[in-house]
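Please keep the sequence and the structure in view while reading.

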Amino acid sequence: MENHASLAPAARILGYAGLLPLIGCAAGLVLLPLHRALLLDAGFGYAALIFSFLGGLWWGQGVAKGTASPALFTIAVLPSLIAWGLMLLRLLGWTTEAALLVLGAAILLSPIVDLALARKQPSISGWIALRLQLSIGLGALTLALALL
């Protein structure tokens with residue numbers, strides 16, 4: 001369900017600009033292979049941060065709705081908990097590549113929540129399309145870091 005307001009151009013431009021850190025990390029893996037560990041860590045940190053941010057968006061939508069179910073707030077905290085859990089697993093011996101694979105998959109799946117929310121409350125015209133594009137971009141770049 002879309003309302004008649006349209007997405008601000010700055011949201012689209014800055015959303016796409018948000019892919020630049022992972023593009024930079026991927027380029028760095030090719031151009032600066034001696035800095036692989038640093039670039040993977042930087043990419044993981046950024047992707048985890050953005051994934052957590054998505055949970056904040058869902059939380060905000062639940063608060064704005066006023067009658068959101070407890071399930072929405074539970075789902076909204078999952079990205080932060082998943083990112084934290086992956087960080088903890090890295091500290092316990094998981095490779096950064098393994099954590100990036102799980103994180104990339106989670107990011108690729110995240111628009112499912114946005115699609116469910118859009119069916120229950122109005123969203124700005126163009127929002128879902130942008131979310132899909134950015135999640136595919138960020139998820140694919142996160143997976144690419146793991147596989148480069």
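In which helix is Arg131 found? Arg131 belongs to helix 7, which covers residues 127-147. The model discussed here is predicted.

## Overall architecture

The chain contains seven helices and two strands. Read from the N terminus, its elements follow the order β-α-α-α-α-α-α-β-α.

Along the principal axes, the C-alpha atoms occupy a box of roughly 50 × 35 × 15 Å. Among contacts between residues at least 6 apart in sequence, 77% connect residues at least 24 apart.

## Surface and interior

Of the 148 residues, 37% count as buried. The accessible surface amounts to about 8,100 Å², and carbon and sulfur atoms account for 77% of that surface.

In soluble globular proteins, nonpolar side chains tend to be buried together. In this chain, the largest nonpolar core has 35 residues, and those with the most contacts inside it are Phe44, Trp58, Leu103 and Leu145. The elements that supply two or more residues to this core are helix 2 (20-31), helix 3 (36-65), helix 4 (70-91), helix 5 (96-109), helix 6 (111-120) and helix 7.

## Arg131 and Trp58

Is Arg131 buried or exposed? Arg131 has a relative accessible area of 5%; because buried means under 20%, this residue counts as buried. Leaving aside residues up to four places away in sequence, Arg131 touches Leu54, Trp58, Ser110, Pro111 and Asp114.

With the same exclusion of residues up to four places away, the contacts of Trp58 include Leu72, Ile75, Ala76 and Pro79. Ser110, Val113, Asp114 and Leu117 are also among the residues that Trp58 touches.

## Helix 5 and its buried side

Helix 5 has 14 residues and reaches 20 Å from its first C-alpha to its last, close to the 20 Å expected at 1.5 Å a residue. Which residues of helix 5 are buried? They are Thr96, Ala99, Leu100, Leu103, Gly104, Ala106 and Ile107. These residues cover an arc of only 165° around the axis, so they lie on the same side of helix 5.

An α-helix has 3.6 residues a turn, so residues three or four places apart point the same way. The cover over the buried residues of helix 5 includes helix 3, helix 4, helix 6 and helix 7.

Definitions and conventions
Residues numbered from 1 in each chain as written. Predicted model: local features only at pLDDT ≥ 70, side-chain atom pairs only at ≥ 80, totals over all residues. Heavy atoms only, no water. Helix = DSSP H or I, 4+ residues; strand = E, 2+ residues; numbered from the N terminus. Buried < 20%, exposed > 50% of the residue type's maximum accessible area, 1.4 Å probe, protein only. Contact = heavy atoms within 4.5 Å. Core = buried A, V, L, I, M, F, W, Y, C linked by side-chain atoms within 4.5 Å. Expected span 1.5 Å × (residues − 1). Arc of directions from axis to C-beta. Areas by Shrake-Rupley, 256 points an atom, 1.4 Å probe, with all protein chains shown as cover.
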